[in-house]
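Please open the model in your viewer and keep the selection tool at hand. The stops below each name something to select and then say what is found there.

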Amino acid sequence: MSAAELAGIVVVGASLAGLRGAEALRRGGYEGPLTIVGAEPHRPYDRPPLSKHVLAGELAADATGLPALAPLRARWRLGQPTVGLDRADRIVRLADGTRLAYDRLLVATGAEARPWPAPTGGTLTGVFTLRGRDDAAALRAALAAGPRRVLIVGAGLIGCEAASCCRDLGLAVTVVDPNPTPLARSLGTGIGGVIAACLRDAGVAFRPGTQVRAFEGDGAGHVVRARFADGGAIEADLVIAALGATRATGWLAGAGLRADAGGLTCDAACRALAADGTPCPDIYAAGDVARWPIPVYGGRLVSVEHWGNAVEQAGHAARNMLAGPDDQRPYAHLPAYWSSQFGINIKAVGLTDGADSVAVVQGSRASRRFLAVYGRAGQTIAAVSFDQARWLPAYADAILAGRPFPPIRDATDRARPESLAPGFPSPRAVSADEFAHA
Amino acid sequence: MSASDGRDPALRIVVDLNRCQGYAQCCYAAPGAFVLRGHEILFYDPSPPAHRRGEIERAVLACPVRAIAVQTAADEEDVA
Ligand SMILES: Cc1cc2nc3c(=O)[nH]c(=O)nc-3n(C[C@H](O)[C@H](O)[C@H](O)COP(=O)(O)OP(=O)(O)OC[C@H]3O[C@@H](n4cnc5c(N)ncnc54)[C@H](O)[C@@H]3O)c2cc1C
Ligand code: SF4
């Protein structure tokens, strides 16, 4: 056997996309060597429960291992991050100095929680971020110890889910965000206002329009307070910095790929782009780390940080990895996610970027059970449901079909849909962070 | 609890909550592993005890949108 035949496929990143990608390779008939490299010492596990049931103490942090859905016959290199990629020699370098040869490479290194900067208090004990199982275990232990006040910085999905758990635990909690409402960047303030009301009713102190400047510690280096940009301050002995995520592309620096903290840019077939814009026939990417042209929205580059994309894109990339150069199919995905907080099941489809109007087409915001549709230039582009999930698939179809907005429907429970301004904070940069599950 | 003996697949499950419509058929089939909260939040135990295998398999079949995935392959040792 030649060295090339021995190298086989290497998957970097042993989480949702890496696992589902590896399974799809085997299911697709790939029989050669398969190596899965993971920075964490753990086998693949599921992250969504971490900011929900694990923080609430209902599930142990190590109870969310993902089921294996196909025999992998893989060589696992866990607890071993890759630190470099040499495309000319088709080698990935591991932290321990190992050089792993590949014929084809699947990049599935996901994203990392954006840390609080060290000079303004990021290294104090009691300041947490939440991305992985170990983060969740440490944060859960700190919450169970009964802090006097929890401060959550960032009212995105993870910040709000964490706030909901803290209230379930009976803890005093303050949430601060620079925007006027929670989830303002993903859902707009029109819908985000409903979450603001939920926070308030649950007894969370929500401070909109507030920027934290620094955290201060006691003599032992434990956080005791946060100073705000407006000069105010709040005492807090536990901080959750829920500031979104950056893509784990640091190890690709110098590899001559279009990679930065916003993702590894791919073509429509999930192939990584070299610096000159040509797709690499032997390097694919999937999941949170990938930035790709999305057909449903005119091929603009997005990176989608949601569970459903990791699963579907990994399967698609694996399929293309096994197909010939003339049979590379474009990845056509409609982004979708769910979240649960304050007893409400939130589900969304589509991307809200650039929405110029929102219509509540089922239920009402006041009842906190509704379905809202987002439009842009007369076209339906996204929808979100609060405890109305069964209606959502119809709107997913409407988005894919490019149906007009406002949607025409048989009004059953309201005469005319309530229209509102979406209220997205400006400037609304088209960045990967727009979809940050944070 | 979910430790593998190398023959039986460990009992690990994951639900695709994008797909799940909250109709709760799984909760009737496997009340010890799936619970519906509020109007439509599905809470489930991702690593239920081995004795629930039968009811979990019934829940998988009962789900009208096939949202529940169960470990099918045995845990593998690292292939050196
Ligand atoms: C707390 C939390 C809650 C969430 N809740 C929801 C939800 O309710 N709904 C939803 O739709 N989505 C949710 N998400 C998002 C979802 O979990 C992610 O989209 C999904 O995990 C992405 O999978 P991935 O495999 O692409 O990346 P990740 O899960 O980030 O995995 C990447 C893996 O690669 C590893 N890695 C990184 N760098 C290297 C390297 N150099 N070498 C080797 N390995 C490396 C990492 O350690 C990690 O294990 C949540 C995410 C978090 C963090
Ligand atoms: S049966 Fe399926 S769709 Fe219904 S609640 Fe259970 S997982 Fe969700």
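This is a predicted model: local features need pLDDT of at least 70, side-chain atom pairs count only at pLDDT 80 or more; totals for chains, interfaces and linings use all residues.

Begin by selecting E418(A), which counts as partly exposed at 26% relative accessibility, where buried means under 20% relative accessible area, exposed over 50% and partly exposed in between, computed with a 1.4 Å probe on protein chains only. E418(A) lies in strand β29 of chain A; helices (H or I, at least four residues) and strands (E, at least two) are DSSP runs, numbered from the N terminus.

Residues are numbered from 1 along each chain as its sequence is written, chains are lettered from A and ligands numbered from 1 in the order in which they are written, and side-chain values use heavy atoms, with hydrogens and water left out.

Next, colour chain A by domain: domain 1 covers 4-112 + 246-321, domain 2 covers 118-243 and domain 3 covers 355-420, with bounds that come from an automatic or database domain assignment. The centres of domain 1 and domain 3 of chain A, taken over C-alpha atoms, are separated by 34 Å.

Now select strand β21 of chain A, residues 279-285, where five of the seven residues are buried. Strand β7 (residues 104-107) of chain A pairs with β21(A) in the parallel sense over three bridges, pairing being called when DSSP finds at least two bridges between two strands. V107(A) has A285(A) as its bridge partner in β21(A). Strand β20 (residues 271-273) of chain A, by contrast, runs antiparallel to β21(A) and is joined to it by two bridges, with L273(A) partnered by P279(A). β20(A) and β21(A) form a hairpin with five residues between them, and G277(A) in the turn has a positive phi of about 95°.

In the loop between β25 (344-350) and β26 (357-364) sits T352(A), which is buried with a relative accessible area of 8%; a polar atom of its side chain lies 2.8 Å from the backbone oxygen of S186(A). A377(A), in the loop between β27 (369-376) and β28 (379-386), has a positive phi near 50° although it is not a glycine, and at 72% relative accessibility A377(A) counts as exposed.

Which residues come nearest to ligand 2? Of the 13 residues around it, these are C20(B), Q21(B), A24(B), C26(B) and C63(B), a residue being near a molecule if one of its heavy atoms lies within 4 Å of it. Within this group, A24(B) has a positive phi near 75° and counts as buried at 12% relative accessibility.

Finish with the largest nonpolar core, of 148 residues, in which L85(A), Y374(A), F386(A) and F34(B) have the most contacts; such a core is a set of buried Ala, Val, Leu, Ile, Met, Phe, Trp, Tyr and Cys residues joined through side-chain atoms within 4.5 Å.

How values were computed:
A polar contact is a pair of N or O atoms within 3.5 Å; within protein, one must be able to donate a hydrogen and the other to accept it, and residues adjacent in sequence count only if both atoms are side-chain atoms.
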